Amino acid sequence: MRVVVIGGGIVGAAAAYYLTGRGASVTVVDGGYQGEATQAGAGIVCPWVDHPEDDDWYRLNREGARAYPGLVEALGEDFGYAKVGALLVAEDPAELEPVRSLLHRRYADAPEMGEVVDVPAPAELFPPLSDTLSALLVPGAARVDGRSVRDALLNAAVARGARIHAGAATLTPDGEVRVHAAAGAPSGEGGTWTPGGGTGQARNEETGSWRQAAPRGPAAAQGPDAAQGSQAGPRLQAARGSEVVRPVAAGAGRVFADEGVPVEADAVIVAGGAWTGEVCRPLGAELPVFPRRGQILHATLEGVDTAWWPIVLPSDGPYLLGFPGSRVVIGATVEDVGFAPRVTMGGLEEVLQAGLRIAPGLAGATVTETRVGLRPVYAPGRALIGPLNSRVVVATGLSAYGLTAGPYAGRLAAALALGETPPIDLTPYAPTCL
């Protein structure tokens, strides 16, 4: 069976891996667009603290986290996965009680989270933290390097015969795939994405989660990124107080200099992240998938072993986590600013101020890198995984949980493309806006 996977992020890479494992002939088309979410994700795998009122959203992420140890064993490759635990921190210990109750309720069906314990002095586990914080420790939480996972999955797929085309993929109304030269190709050989309009309105699909994952704060003035957003629907507030923006729901318009090269396929998986709506529009599917920007900062503490520091998750504000190489990650902003994958002064200020508020010991750390990604959000709520027609499957909308559920979502999409029964019921994630 011939399957084309559109999108080379973590979902598309996983789909290619599982497809080739089932003997399919696979072609991955990777546009390499600036702002792809996999490139920027921090790598937190701790699903048990989120979506208290949405069991289906939670189930997808729980199964994604549960699948990681098996994937590590199957690939036999170090891609930065490590169970380091997560500290849920708060100034007032009473603020921890709701999440403690949630974890207690979920433990029976998810013992892999480990026994949750109180940590009266969290700075003993993550030294830069303020000594005014209280915490719960979730020992089963893990961190992962998203880029390394993606690369490991693609390398394994290629070793089994998968082919990777660099370029932009489009669909014809009957589902035929055409590949255009990648952005930056010589004149006459390709085209680029051109951000444009879209329709639809975002919904706060993360309401009630321990981790804040939707834009917050009052907005006072039109910001420079607003021109990238849709002109339809009421305004949404961005994370930065200086920006009022409208979300792009279906993606950015594209202009190509060529008609594209057709690629034969019996089935197609569209795992194009925030660009998925635009890719699928020729099929007559209006999918309200829009980008949610996240800016993230990497710093180093020279001579300090940060490899086994736990993840730090406040109920509102920035997360922090350590990686090998004396590296600490702080992030991320949560901004509905359309297709604007830019690192901004305001965004960095937000991350720095919030990070230093809970971890003042990082004041002397060296800023070594900034990243920005466009999380794909499906406006009706939870993730979008399901068939659009008899030969096209879509898998996107994982929002802030792409590195948690991405490999598992790719596995589900692969099962659908092959006509197999997925390991979980996908009805809750089926496309509804066709």
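How many bridges join E3 to strand E8? The answer is 2 bridges, and the two strands run antiparallel. The model is predicted.

## The three-stranded sheet

E3, E8 and E4 form an open sheet, in the order E3-E8-E4. Its pairing is antiparallel. Strand E3 covers residues 44-45 and strand E4 covers 82-83. These are the edge strands, and each pairs on one side only.

Strand E8 spans residues 142-143.

## The eight-stranded sheet

A further open sheet has 8 strands. Their order is E15-E10-E9-E2-E1-E16-E23-E22. Here the pairing is mixed. The edges are strand E15 (261-263) and strand E22 (384-387), each of which pairs on one side only. From one strand to the next, the twist averages 35°.

In general, strands of a sheet pair through backbone hydrogen bonds, either parallel or antiparallel.

## The E16-E23 pair

Strand E16 holds residues 267-270, and strand E23 holds residues 392-396. The two run parallel, joined by 3 bridges. Which residue of E23 is the bridge partner of Ile269? That partner is Val393.

## Helix H8 on the sheet

Helix H8 is made of residues 402-417. Which strands does H8 lie across? They are E1 (2-6), E16, E22 and E23. The helix runs at about 10° to E22. E22 is also an edge strand of the eight-stranded sheet.

Note on methods
Residues numbered from 1 in each chain as written. Predicted model: local features only at pLDDT ≥ 70, side-chain atom pairs only at ≥ 80, totals over all residues. Heavy atoms only, no water. Pairing = 2+ DSSP bridges. Helix = DSSP H or I, 4+ residues; strand = E, 2+ residues; numbered from the N terminus. Axes fitted to C-alpha atoms, helices over the stretch in contact; angles between N-to-C directions. Contact = heavy atoms within 4.5 Å.
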